[in-house]
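Hi,

Here is the structure I promised to pass on. Have a look at it first, and then read my notes below.

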Amino acid sequence: MPDSEDTENTENTENSEEKATPRGFVVHTAPVGLADDGRDDFTVLASTVPAQVSAVFTRSRFAGPSVLLSRDAVADGRARGVVVLARNANVATGREGETNAREVRESVARTLGVPEGELLIASTGVIGRQYPMPQIREHLKSLSWPFPEGGFDRAARAIMTTDTRSKEVRLRCGDATLVGIAKGVGMIEPDMATLLTFFATDARLDPAEQDRIFRRVMDRTFNAVSIDTDTSTSDTAVLFANGLAGDVDPVAFESVLYEAALALVKDIASDGEGASKLIEVQVTGARDTAQAKRVGKTVVNSPLVKTAVHGSDPNWGRVAMAIGKCSDDTDIDQDAVTIRFGEVEVYPPRADADRDEDALRAAVAEHLQGDEVVIGIDLGIADEAFTVYGCDLTEGYVRLNSEYTT
């Protein structure tokens, strides 16, 4: 690949392609017939120069060939880009599915002029269907280099499946720019990072430090979201850093990456299939972060909590029930636990004469009517904390998933 010309970076005040684009990244999108609506469903995101890569993938025992090939591609910490096919997961497709994934990746790598092993591949959509290879091959034959710089907005749209909107964020870190895109609104209970999410930056970092930063941020963001308790077979999260903007402070970069990832997580949770509300469960006073995360996930994944939130029903007892399901956490003592909705403390019950139960329920109901619902839980054990994100459970989720392939 030839080096691209540097472009001037300006201050990022809006989500604008012109105002914040990392140098040396190019994008191609096109429709290849993975679905019948004619929109772009094929994406190539690439760096014009060698890039460091950090990545995490699903731990599902039914991971597809795209995940398996990409794991190998990132093993040496270097990669030039990723090809993404949306609307078809290419999972549970046997030897033919693996052969097809290799063919797609090899063809794109040949067009880019890079070794096949420096290109990742990701796929998302319906499980158990083969790629429509005749249509894909026709497009691959017409693929030509170079691609135009930028285009992250197009990529964010092209990787969507049942998302109702594209998910993209752009931030600055010193002279460097970070762009993140993500897709995913269902089959989300991460066991690594989650869904498909790709970050590109022209920052330069020590490779080992970049990897540590990426994994820490993924643990606190994408591993903290759940829509429906189902772990995808295709989860892939990747950070490409090509260094064209020079060195950045690692602490500052971690802060920026966390801000970008959290914004994408909240966007994903609020766009959950059929969702009408974002749920944020803040757990404090835990023995360790693992316990705080476990309790938070138990609450945010509870169908009864989700439906109460959806209906703005101030039935806070469902939160107490969900906490109680963590039966192996024997140090959780109900007499030490505090529960609140927003700033309204609902548990433990107060015996004082000033407590007005009707007013309390009305205050909780009012909080539940907002677009973002915060449930606070203090376990009263120690000082560790973790926050998880999810959404309510609606008729829309049931309808969409009962008709997904029909």
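Which five strands form an open sheet, and in what order? The order is β3-β9-β8-β7-β6, with mixed pairing. Two strands count as paired if DSSP finds at least two bridges between them, and the helices (H or I, at least four residues) and strands (E, at least two) are DSSP runs numbered from the N terminus.

Before the rest, the ground rules. This is a predicted model, so to speak of local features I need pLDDT of at least 70, and side-chain atom pairs count only at pLDDT 80 or more, while totals for chains, interfaces and linings use all residues. Residues are numbered from 1 along each chain as its sequence is written, and side-chain values use heavy atoms, with hydrogens and water left out.

β7 (residues 176–183) and β8 (residues 196–204) pair antiparallel over six bridges, and Lys183 stands opposite Leu196 in β8.

Helix α6 lies across β6, β7, β8 and β9 (236–247), at about 165 degrees to β6. Axes here are lines fitted to C-alpha atoms, for helices over the stretch in contact, and angles run from 0 to 180 degrees between N-to-C directions.

Now the cores, meaning sets of buried Ala, Val, Leu, Ile, Met, Phe, Trp, Tyr and Cys residues joined through side-chain atoms within 4.5 Å. Buried is under 20% relative accessible area, exposed over 50%, partly exposed in between (1.4 Å probe, protein chains only). The largest core has 63 residues, and Phe199, Phe253, Ile323, Ile375 and Ile377 have the most contacts inside it. Its largest share, ten residues, comes from α6 (residues 250–270). Another core, of 26 residues, lies apart from it and includes Phe25 and Leu120.

Phe253 touches, among others, Cys173, Leu178 and Thr201, leaving out residues up to four places away in sequence; contact means heavy atoms within 4.5 Å.

Last, helix α8 (residues 303–310). Val305, Lys306, Ala308 and Val309 are buried there. They cover an arc of only 165 degrees around the axis, which puts them on the same side of α8; the arc is taken from the directions from the helix axis to the C-beta atoms. Their cover includes α7 (289–300) and β13 (372–378). Just after α8, Ser312 has a positive phi of about 55 degrees.

Cheers
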